[in-house]
Amino acid sequence: MRKQRILQKSALGLICLSIAACSSGTGNDVTAVGIAKGIVGGLFDGNKPSGPDVNAVSQQAAKALASTSGQVIVVAIPQSDALSVMQEIERNGPYVTFGTATRQSITLKNGIMTSSRGLGEDLMSSETNAVQGLIAKRATGSAPRINRFLDGENLTVSQQLFCNVNPRSQGRLTMGVIDTPVTKVTESCLSDDLVFTNTYQVTPGGRVVQSRQWHSPLNDYIAIQSLR
Amino acid sequence: MIVRNKAIMGTAVTLIIGLPVLGVAENLTTSQTNVYGNPGGLIDMPTAEMAPEGQLSTTVSAYGSGNNLTTRTTLTFQMLPRVSASFRYSGIAGLTPAAGRPAFTTLYDRSFDLRYRLLDETNWRPSVVVGLQDFIGTGLYSGEYIVATKSLGPRVRITGGIGWGRLGSYSSFANTGNRPRAFLGEGGIPTYDRWFRGDVAAFGGVDFQLTDKLSFAAEYSSDAYDREVSDGVLTRKSPWNFGLTYKFSDSFQASAYSLHGDEIGVTATLSLNVRKPAVKGGIESAPLPVAPRAPGSAADLGWTTDQVQQAKSINSLDGLLERDGIKLHGLQVGPKNAHVQIRNTRYDMRPQAVGRTARAMTRVLPASVETFTITQIIKGQPTSSVTLSRTDVERLEHSAASEILAASVIQDGAVTDRGITLMPDTFPRFEYNIGPYLRFSVFDPENPLRYAAGIRAKGEYHIAPGWIASGSISQKVIGNLDDVSLPGPSGQPRVRSNVAFYNQTEEPTIDYLTLAKYGRPAKSVYSRVTVGYLERMYAGASAEVLWKPVDSRLALGAEVNYVLPRDFDQKFDIRTRATSTGVIPEWNGHLSAYYDVGYGFHAQLDAGRYLAGDWGATLSIDRVFANGWSIGAYATKTNVSSATFGEGSFDKGIKIEIPFSWGTGKPTLQKSTTVLQSLTRDGGARLDVNGRLYDEIKDTHRPEMAKTWGKFWR
């Protein structure tokens with residue numbers, strides 16, 4: 001536990017580092033609460049009185065993992081200091097929608113966020129097939145992407161983006177039932193009025209198990225960690 | 001549950017930083033306004049700057065004090081990127097009344113400005129604007145100008161221009177003919193005979209952005225303030241004005257300035273932008289996702305003979321919709337298709353109600369049901385029906401909303417209305433609400449603000465499809481609306497000008513008490529008959545018919561009313577139709593045409609007989625935004641002469657509709673409607689009956705729904 005805390009406090013903030021710390025700290029007795037605490041600690045300084053209630057979120061994660069056989073993710077929105085556990089609530093082809101009890105949701109397609117609801121400035125839908133192909137293969141390349149939003153008049157705006165995908169460092173991610181080598185892949189996207197870089201941790205099988213993805217000017221980046 | 005906390009925590013999940021790049025260079029826009037409330041960085045002089053499109057600002061400026069205090073309150077709206085319009089209410093103390101005008105201590109005056117940008121700025125060319133200042137009516141501030149502004153880098157803007165009228169009154173260098181001084185009619189008419197005539201003078205200035213928040217302006221004024229100087233309100237020592245502006249936020253800034261080396265003045269500007277809501281796209285609870293069917297499950301028709309399962313499905317649907325503020329009105333479920341009628345109580349963006357209903361249907365209806373029809377019910381009548389294939393709903397959930405729109409069939413609700421079983425709680429039902437009310441009159445020449453506030457209870461009893469009994473009772477608690485003085489005698493019966501008498505009672509009043517029948521006599525046709533106490537001042541009967549095909553941008557309507565004036569205490573009595581200036585006619589009515597022009601404009605023309613028996617027409621032009629904002633102006637001209645009508649010459653006004661969802665981000669059907677009317681006169685007055693058809697149904701028809709169809713998947 002001490003090692004874990006030191007790593008948290010070092011505030012490197014890299015999810016993967018804190019996860020590694022988490023798993024080694026709890027040894028073979030991996031509990032969901034411990035897992036969630038590790039993630040939470042990496043995203044927010046647990047000692048800060050104004051931070052999100054780490055224990056509450058950890059317990060939610062434990063409950064979610066115990067109560068469902070579906071996927072469970074932890075979602076962090078650092079911009080608003082928001083942290084939540086989301087459970088798989090529906091699956092439509094390759095799209096998996098995760099939701100909270102307070103009716104916010106995020107939809108992932110192969111780990112890439114394609115839409116959200118209830119977060120504000122929500123991503124309505126996206127075309128991510130081309131970039132997803134590169135990310136899953138951990139290949140270098142360029143591909144188009146479309147993100148759709150509603151503007152201030154509730155009219156649909158299609159953001160045409162051009163993205164460069166690059167594999168970066170390799171590492172290992174150990175996380176509850178997940179224990180896998182991973183490749184860090186970045187996706188740098190550009191449009192007329194927007195630049196962002198998403199980061200994914202991708203398994204050899206092409207699954208995104210952890211990511212940090214651009215959402216909107218209101219919410220900035222959203223970090224997503226698979227718990228199962 | 002999402003844990004939210006205000007404290008900002010840095011978290012470098014990766015070391016690569018993403019940031020939004022600033023938008024493309026703004027084409028000489030500014031959120032600053034001058035003392036006339038026009039967009040611009042100078043003080044008393046105009047510039048060729050414009051505000052961002054959709055900007056609505058209120059500017060209050062004042063200089064002098066006590067018996068030479070001048071205030072100007074201006075509402076300016078940037079209706080298009082190149083066009084801005086302003087309405088101003090000024091109070092000038094210390095002026096001497098012109099010959100033949102009534103006496104005053106402070107002259108309250110209303111004025112309108114219009115500005116049009118002829119040329120946008122380029123690298124080498126300045127932006128050029130032509131403007132009309134105070135171009136309607138008495139013309140106290142009347143002036144016209146052509147002005148150019150060029151930015152030199154991001155911090156400096158230089159302006160030069162020539163002006164007529166007030167703006168040509170100091171050190172003029174040319175003359176373009178005779179500028180008349182007499183009013184046209186009784187004021188209130190565009191003063192086209194003066195425009196760009198008379199002396200011409202040059203003005204100019206520079207605006208320097210000192211920091212992000214603070215700017216400095218210096219200008220050379222071509223306004224001699226002739227009348228103020230001759231009446232002793234102002235001493236003009238210099239043509240130079242200087243000002244400092246501090247921007248506290250995007251919505252508030254304040255300036256201090258020196259005027260003509262004699263006066264110090266201050267200005268405060270409150271701004272909002274109708275295209276910038278609390279949250280872009282709104283923020284609401286996430287919808288339930290589509291529940292796709294298992295492959296092959298659609299063949300199972302076992303449920304069609306299972307009454308228990310059917311009842312369960314309907315119950316579940318009712319529950320899911322209720323949770324989202326949608327009432328299940330009636331339905332018809334067959335082996336392959338389902339038709340549900342809904343009453344939307346929450347979503348101002350109607351596609352959202354339809355989209356949520358479709359998703360709820362995927363979750364609870366048996367798998368063999370392939371076709372969904374969703375009909376919106378307004379006033380007990382079906383308006384529009386959206387028919388979708390369930391396969392498309394499943395397939396397109398994560399695609400662009402335009403795809404589900406292309407796959408939808410939108411039909412007239414009257415065509416699809418058959419075989420429906422109404423839900424047991426649909427009729428009869430009673431709805432009510434109790435709340436405060438505020439009624440006010442602003443910018444009157446006699447008094448800047450009058451109001452009445454109190455408490456009001458409203459109820460609606462829905463007896464059977466289309467039959468609605470409704471009533472409203474108010475009790476005034478405080479107010480001074482009753483001290484409006486009666487205008488002098490005119491050649492018309494007093495149909496509205498005695499409104500003050502209706503504000504005098506201290507007892508509860510019946511605002512309206514009516515029985516209405518709404519109907520769908522034929523495809524594309526809507527009808528309404530209302531009888532009872534129709535509004536505060538009139539009782540009687542009102543009948544209306546509207547033709548509006550579900551996919552049409554054009555609608556045509558006709559309304560005929562039989563009216564009797566109500567007693568001033570607004571209880572059950574009727575008073576005599578005879579007034580001191582004539583007899584109120586029993587019959588009035590209009591033919592109306594409504595048209596969605598496109599490009600964000602909506603036009604309405606009503607022609608017919610008005611309350612006082614005068615014949616004429618009202619033209620209303622509104623700048624409408626898909627999010628529900630609407631800002632427009634109307635004018636009514638009838639066969640009453642300017643002299644008979646009185647001050648203002650004819651009825652005109654400004655109408656502003658604000659959707660509450662814009663301010664809160666949460667979906668709601670509530671909106672606020674404010675009409676800034678010219679003086680309440682008898683000419684061009686209309687009956688104010690509730691439930692006029694066009695406004696009730698328009699939003700459920702295809703042209704409106706298609707605009708915000710993106711909300712279908714919200």
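Leaving aside neighbours within four places in sequence, B:Trp713 is in contact with residues of both chains, namely A:Arg117, A:Met124, B:Pro287, B:Val290, B:Arg359, B:Val393, B:Leu396, B:Glu397, B:Ser399, B:Ala401 and B:Ile404, where contact means heavy atoms within 4.5 Å. The model is predicted, and local features need pLDDT of at least 70, side-chain atom pairs count only at pLDDT 80 or more, and totals for chains, interfaces and linings use all residues. Residues are numbered from 1 along each chain as its sequence is written, chains are lettered from A in the order in which they are written, and side-chain values use heavy atoms, with hydrogens and water left out.

B:Trp713 and B:Trp709 have the most contacts inside the largest nonpolar core, which has 38 residues; such a core is a set of buried Ala, Val, Leu, Ile, Met, Phe, Trp, Tyr and Cys residues joined through side-chain atoms within 4.5 Å, with buried meaning under 20% relative accessible area, exposed over 50% and partly exposed in between (1.4 Å probe, protein chains only). Among the elements of chain B that give two or more residues to this core are helix 2 (307–323), strand 15 (326–333), strand 16 (337–344) and helix 3 (350–364), helices (H or I, at least four residues) and strands (E, at least two) being DSSP runs numbered from the N terminus. Helix 3 of chain B gives the most, with six residues. Apart from this core lies another, of 24 residues, among them B:Val35, B:Met50, B:Tyr63 and B:Leu259.

Six strands of chain B form an open sheet with mixed pairing, in the order 19-18-17-16-15-20, two strands being paired if DSSP finds at least two bridges between them. Strand 19 (409–412) and strand 20 (421–422) of chain B are the edge strands, each pairing on one side only. Strands 18 and 19 of chain B run antiparallel and are joined by four bridges, and B:Val386 has B:Ile410, in strand 19 of chain B, as its bridge partner.

In strand 22 of chain B lies B:Ile463, which counts as partly exposed because its relative accessibility is 38%. B:Ile463 belongs to a nonpolar surface patch that also includes B:Phe430, B:Tyr432 and B:Trp467.

Chain A has five helices and 12 strands, and 59% of its 228 residues count as buried. Among contacts in chain A between residues at least 6 apart in sequence, 42% join residues at least 24 apart.

Key:
Patch = residues over 30% accessible without salt bridge, like charges linked within 9 Å, V, L, I, M, F, W, Y side chains within 5 Å. Areas by Shrake-Rupley, 256 points an atom, 1.4 Å probe, with all protein chains shown as cover. Salt bridge = Lys/Arg side-chain N within 4 Å of Asp/Glu carboxyl O.
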